[in-house]
Amino acid sequence: WRYGPIWTGDNMGKWDHLTISVPMLLSMSMGGLSYVGADVGGFFYDPSEELLTRWHQFGIWYPFYRAHAHLETKRREPWVLGETCITRVREAVSTRYQMLPTWYTRMMEFTEMGAPVLRPLYFDTLGLDHGVWPHIDTHMLVGDDILVRVVDDKTGATTEVYLPKMSATDGGWYDFYTLDRRPAGLATVPVAAEYVPTMVRAGTVLFKKMRRRRSSGAQIGDPYTVEVYTNPVTNTATGRVFVDDFNSYDYKEGQFVYLTMDCEASTCSSKPLSIQAKSVPENEAKGRNWPAAGTQVQGQLPATKQVNLAVERVVLIGLQAAPTKVTFEKDGQETELYFTTRPCGGLVCAHVKKPPIVLGQHGWNLKWV
């Protein structure tokens with residue numbers, strides 16, 4: 001039961017039930033239950049179109065994202081409520097699908113390492129940032145690198161978002177949607193109709209799948225997009241991703257890819273990470289080639305799993321100036337790559353197209369000047 005989906009109970013389609021889901025889910029997550037969510041839209045009562053839309057926009061950041069209602073409530077599928085609702089909810093759901101590689105990685109790290117998926121603002125900042133406390137019931141962290149703030153019926157054209165200082169070399173936070181960068185501390189941000197305030201910690205590398213599909217199963221053959229959110233103070237960024245066959249316990253036999261991508265001083269590279277094997281009941285391990293408990297396992301995903309590990313683009317976010325050249329180096333060979341640049345948030349973003357990066361294959365360097 002610890003690893004299965006759990007929700008907050010039969011809530012109501014009211015604004016305060018959306019808001020109260022934040023401390024409820026954070027409490028559950030800190031208690032060791034990470035696969036948690038609240039019924040999006042409320043189980044009882046009939047939410048307004050605005051409330052339903054906002055709940056979906058916020059609910060995509062629940063680990064357990066589910067719309068659910070009592071049989072006596074009015075139909076509330078987005079297409080029942082009109083084109084505006086359809087468009088906004090579709091974009092929210094698309095963002096959820098894009099982020100599935102990150103969700104899958106965070107759930108593995110919870111299952112195998114005990115790292116909570118949802119975290120209160122103070123989780124990684126105890127003793128470092130005392131300004132978080134007034135905001136712990138309206139903000140939540142997804143892992144250690146994404147921050148989301150709830151929006152309610154009292155929210156106007158702008159709202160206050162508290163961006164915690166995560167380290168002594170903190171580089172601030174990027175807006176997930178606009179890529180504007182803001183320093184740590186209290187910020188007044190515009191509230192868009194299309195999404196709720198969502199921020200990414202500077203110094204983060206996120207792994208996404210950007211092609212719109214009808215299901216997660218249809219994504220297995222899709223390549224990855226890697227987004228590098230540069231920390232301007234240290235000129236670094238790092239992020240982790242875990243991939244297996246999404247369908248079996250073969251990862252316990254070492255059939256997985258788990259890596260960190262590290263970027264520093266205009267160079268990105270990757271290296272493998274290990275997972276410590278757990279003890280399992282004898283009846284579960286019977287007939288399986290599972291390593292002994294305590295063994296540090298570095299995985300490898302067999303080609304027979306038919307999982308696409310290719311990277312179709314790398315997006316370098318927060319550069320001070322546009323690169324003039326991007327190269328890929330491996331085994332003594334250097335290949336110049338095609339890229340485009342554009343302004344983003346007062347800085348520069350570079351989109352590197354089709355780099356020959358394959359997750360799980362290391363010994364390469366992506367460089368830009």
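This briefing covers a sheet, the disulfides and a helix pair. The model is predicted: local features need pLDDT of at least 70, side-chain atom pairs count only at pLDDT 80 or more, and totals for chains, interfaces and linings use all residues. Residues are numbered from 1 along each chain as its sequence is written, and side-chain values use heavy atoms, with hydrogens and water left out.

**Sheet**

- Six strands form an open sheet in the order E5-E6-E7-E12-E9-E10, with antiparallel pairing.
- Strand E5 (118-119) and strand E10 (181-182) stand at the edges; each has a single partner strand, so one side of each is left without a neighbour in the sheet.
- E5 runs antiparallel to strand E6 (residues 139-142), and two bridges join them.
- Leu 118 has Val 142 in E6 as its bridge partner.
- Strands here are DSSP runs of E with at least two residues, helices are runs of H or I with at least four, and both are numbered from the N terminus.
- Two strands pair if DSSP finds at least two bridges between them.
- Strands of a sheet pair through backbone hydrogen bonds, either parallel or antiparallel.

**Disulfides and cysteines**

- The structure holds two disulfides (a disulfide is a pair of cysteine sulfur atoms within 2.5 Å).
- With bonded cysteines counted along the chain, the pattern is 1-2, 3-4.
- Cys 263 and Cys 268 form a disulfide with sulfur atoms 2.0 Å apart.
- The torsion about their S-S bond is about 110°, so the disulfide of Cys 263 and Cys 268 is right-handed.
- Cys 263 is buried at 6% relative accessibility, and Cys 268 is buried at 1%.
- Buried means under 20% relative accessible area, exposed over 50%, and partly exposed in between (1.4 Å probe, protein chains only).
- Cys 344 and Cys 349 form a disulfide with sulfur atoms 1.9 Å apart.
- Its S-S torsion is about 95°, so the disulfide of Cys 344 and Cys 349 is right-handed.
- Both Cys 344 and Cys 349 are buried.
- Cys 85 is buried too, with a relative accessible area of 1%.

**Helix pair**

- The axes of helix H3 (residues 83-98) and helix H4 (residues 100-113) come within 5 Å and cross at roughly 55°.
- Axes are lines fitted to C-alpha atoms, for helices over the stretch in contact, and angles run from 0 to 180 degrees between N-to-C directions.
- H3 and H4 are therefore oblique to each other (under 35 degrees counts as roughly parallel, over 145 as roughly antiparallel, 65 to 115 as roughly perpendicular, and the rest as oblique).
- Arg 96, Tyr 97 and Gln 98 in H3 meet Leu 100, Pro 101 and Trp 103 in H4 (contact means heavy atoms within 4.5 Å).
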